[in-house]
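Work through the exercises below with the sequence and the 3D structure at hand. Try each task before reading its solution.

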Amino acid sequence: MTTLLLIVISIALAGMALILLSNWWAFPRLKDSTASVGEVKASLLIPARNEAGAIGATIEGLLRQTYTDFELLILDDHSEDSTGSVAKAAAEGDTRLTVLDGRAIPPGWLAKSWACQQLAAKARGDVLIFSDADVRWSSGALAALLDEFERSGADMLAVMPTQRTVSWAERLCVPLMALAIHAYLPVVAVHRTPFRLLAAANGQCIAFKRAAYERLGGHTVVRDNIVEDVGLARRVKGMGLRLRMVEADGLISCRMYCDWRSVRGGYAKNILAGFGGAAGLLAGTVFHWLIFLVPWALLGLGFVGSEIPGHPWWTLLIVTAGLSVRSLTALRTRQRVGDGLLLPVSVVLMTCIAAQSLWWHWRFGGPLWKGRRAVP
């Protein structure tokens, strides 16, 4: 039985390593650009709720873009702080900025999808770029994004912003998004096959051709989907449109959370839907314990006298493979490589997040986010 277990773990890790190697060469990256004009007018669309502490720096960075043919629409989504006034002050009268007041959320809609739908209705650009209020843009980022849009021929461009992490909770949990993308999802299959399950996106930065966005039905098709970014990506593929993914490579970045409480709450909000429900989340948790924690246990048991096949070399090889996959995805996405050595701690923390998500679901019917129930 132990031999079979080791074989299964070895095969799974070998598959991850192969996907990671293929993505290392095939996954596109944004390239810095100083272009100032072009044939495309862009609409930068940012829903913002209680973002007074972040929105000012975001707007200042966007209004310093080398590519200048764009409009910037901010939707103040019933903020309980000074988000709207901070946004206007940061623009210093720049006429490219418009701050909109969000309307009441209709029945059946989630707040973010409704905010994005309102923004799209007001936008005039040929390319619609949805971004979050805490995302930072370097001066050449918009030009680089539009260059990649043209180069790839995308109808939807799913940008993966570089994640900025400071606290230990951030460093141990946030980079696991890169592990999931680069070790589980072959980008060639995302780009070249019609299978909807082979699709991903990060709602921190998504761009659409206006015609494609309108054809797929905009955010109405994900009105009640808490992982609306992935839902849109799957909808695009299902309609035969072109989904393309790209790493921001530092040009677009985001610090999602600031401590364990916000990390736990933020991930617990999405993780249940991301795994397709309670059964999928439980299965995913068991899988990650099996792949990344059980080998450590077998390694230790072998040293205290238990009969473990191939001990210590087989278990040691498996442990090293798991740590290497995590560290290499960190290297590929500008994260701290050394933090990958704490992968077992990361798995335990993500288990706590999964438990929080399940508790919210069973006790309250869904999570709370920014003071509102995150279910329609």
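**Exercise 1.** In which loop does Pro312 lie?

Solution. The model is a predicted one. Pro312 belongs to the loop between helix H13 (294-303) and helix H14 (313-332). Next, look at the peptide bond that leads from His311 to Pro312: this bond is cis, and its omega is near 0 degrees. As a rule, most peptide bonds are trans.

**Exercise 2.** Find the order of the strands in the open sheet of seven strands, and say which strands stand at the edges.

Solution. Step one: the order reads S3-S2-S1-S4-S8-S6-S9, and the pairing is mixed. Step two: strand S3 (97-101) and strand S9 (243-247) each have a single partner strand, so they stand at the edges and one side of each has no neighbour in the sheet. Step three: from one strand to the next, the twist averages 20 degrees.

**Exercise 3.** Describe how S6 and S8 are joined, and identify the helix that packs on the sheet there.

Solution. In general, strands of a sheet pair through backbone hydrogen bonds, either parallel or antiparallel. Strand S6 (residues 156-160) and strand S8 (residues 205-209) run antiparallel and are joined by three bridges. Within this pair, Ala158 stands opposite Ile206 in S8. Helix H10 (residues 228-238) packs on the sheet and touches S6, S8 and S9. The direction of H10 makes about 145 degrees with that of S6.

**Exercise 4.** Which residues make the nonpolar surface patch of about 360 Å²?

Solution. The patch is made by Met1, Leu4 and Val8. Val8 is found in helix H1 (residues 2-26). Val8 has 40% relative accessibility, which lies between the limits of 20% and 50%, so Val8 counts as partly exposed.

Definitions and conventions:
Residues numbered from 1 in each chain as written. Predicted model: local features only at pLDDT ≥ 70, side-chain atom pairs only at ≥ 80, totals over all residues. Heavy atoms only, no water. Patch = residues over 30% accessible without salt bridge, like charges linked within 9 Å, V, L, I, M, F, W, Y side chains within 5 Å. Areas by Shrake-Rupley, 256 points an atom, 1.4 Å probe, with all protein chains shown as cover. Salt bridge = Lys/Arg side-chain N within 4 Å of Asp/Glu carboxyl O. Helix = DSSP H or I, 4+ residues; strand = E, 2+ residues; numbered from the N terminus. Buried < 20%, exposed > 50% of the residue type's maximum accessible area, 1.4 Å probe, protein only. Pairing = 2+ DSSP bridges. Axes fitted to C-alpha atoms, helices over the stretch in contact; angles between N-to-C directions. Contact = heavy atoms within 4.5 Å.
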